[in-house]
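Please brief me on this model.

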Amino acid sequence: MQPLKTLEQEVKNSQDWLISEYNLVQAGRITPAMLDGVLVSVYGSMQPIKACASMAPEGAHTLKVSPWDASTSKAIENAIRESGMPVSVSSDSSGIRVSIPAMTEDTRKELTKTIGKKQEEARIKVRQNRQDCDKALDELKKNNEINEDDLKRHKKTMQDIVDAANRKLDELAALKEKEVMTV
């Protein structure tokens, strides 16, 4: 049934979006994923950092970024600085070091709020996808493409998909909150 397949795909997209958003949330440890959204102007186009440099953690608070072409080092450094992330950036002959400050209790609470907001955004997307699926199923019934029993069965399946998605979003949020609060 096409509306249900579409719902499943959209729900998966919402979960993937939430995971990528949570990767951007600084949890006291620096990871290469934190720089995934940073684009660098090199070779006449905007490129993600991972396309023009390798990244490796050096301890919990420092990430070493090693450009593959030394001439892009300054552009990478500037892109990280201008990204708005709360990090300090320094460079030397061996590459660029990105450091994050230690987290305070207030920072942890703010991050917990951000985690909740991102979770709610994902839930809203799932609800919108559910409404779209519901409309599509009703349209199929209206056009006599499915009968009343099939409609009820498909709507139950739709609700099961949404319930499972919301449980997964809750799990993702709980894991990220735990990560933020224990670091």
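Helix 1 (residues 2-24) packs against helix 3 (residues 105-142) at about 170°, with the axes 9 Å apart. The pair is therefore roughly antiparallel (over 145 degrees). This is a predicted model: local features need pLDDT of at least 70, side-chain atom pairs count only at pLDDT 80 or more, and totals for chains, interfaces and linings use all residues. Numbering runs from 1 along each chain as its sequence is written, and side-chain values use heavy atoms, without hydrogens and water.

- The residues of the contact of helix 1 with helix 3 are 14 nonpolar, three polar and six charged. Asp, Glu, Lys and Arg count as charged; Ala, Val, Leu, Ile, Met, Phe, Trp, Tyr, Cys and Pro as nonpolar; the others, Gly among them, as polar.

**Largest pocket**
- The largest pocket has a volume of about 330 Å³. A pocket is an open set of 1 Å grid points where a 1.4 Å probe fits, with protein on both sides within 12 Å along at least five of seven lines; lining residues have an atom within 4 Å of a point.
- Of its 17 lining residues, Leu24, Met34, Ser83, Met85 and Pro86 are closest to the centre.
- Helix 3 gives the most to the lining, four residues.

**Strands**
- Strand 4 (residues 62-67) has five of its six residues buried, meaning under 20% relative accessible area (1.4 Å probe, protein chains only).
- Strand 3 (residues 53-57) and strand 4 pair antiparallel over five bridges; pairing takes at least two DSSP bridges.
- Strand 4 and strand 6 (residues 95-99) also pair antiparallel, over four bridges.
- Leu63 is the bridge partner of Pro57 and stands opposite Val98 in strand 6.

Definitions and conventions:
Axes fitted to C-alpha atoms, helices over the stretch in contact; angles between N-to-C directions. Helix = DSSP H or I, 4+ residues; strand = E, 2+ residues; numbered from the N terminus. Parallel < 35°, antiparallel > 145°, perpendicular 65-115°, else oblique. Points joined across faces, edges and corners; volume = space filled by probe spheres on them. Buried < 20%, exposed > 50% of the residue type's maximum accessible area, 1.4 Å probe, protein only.
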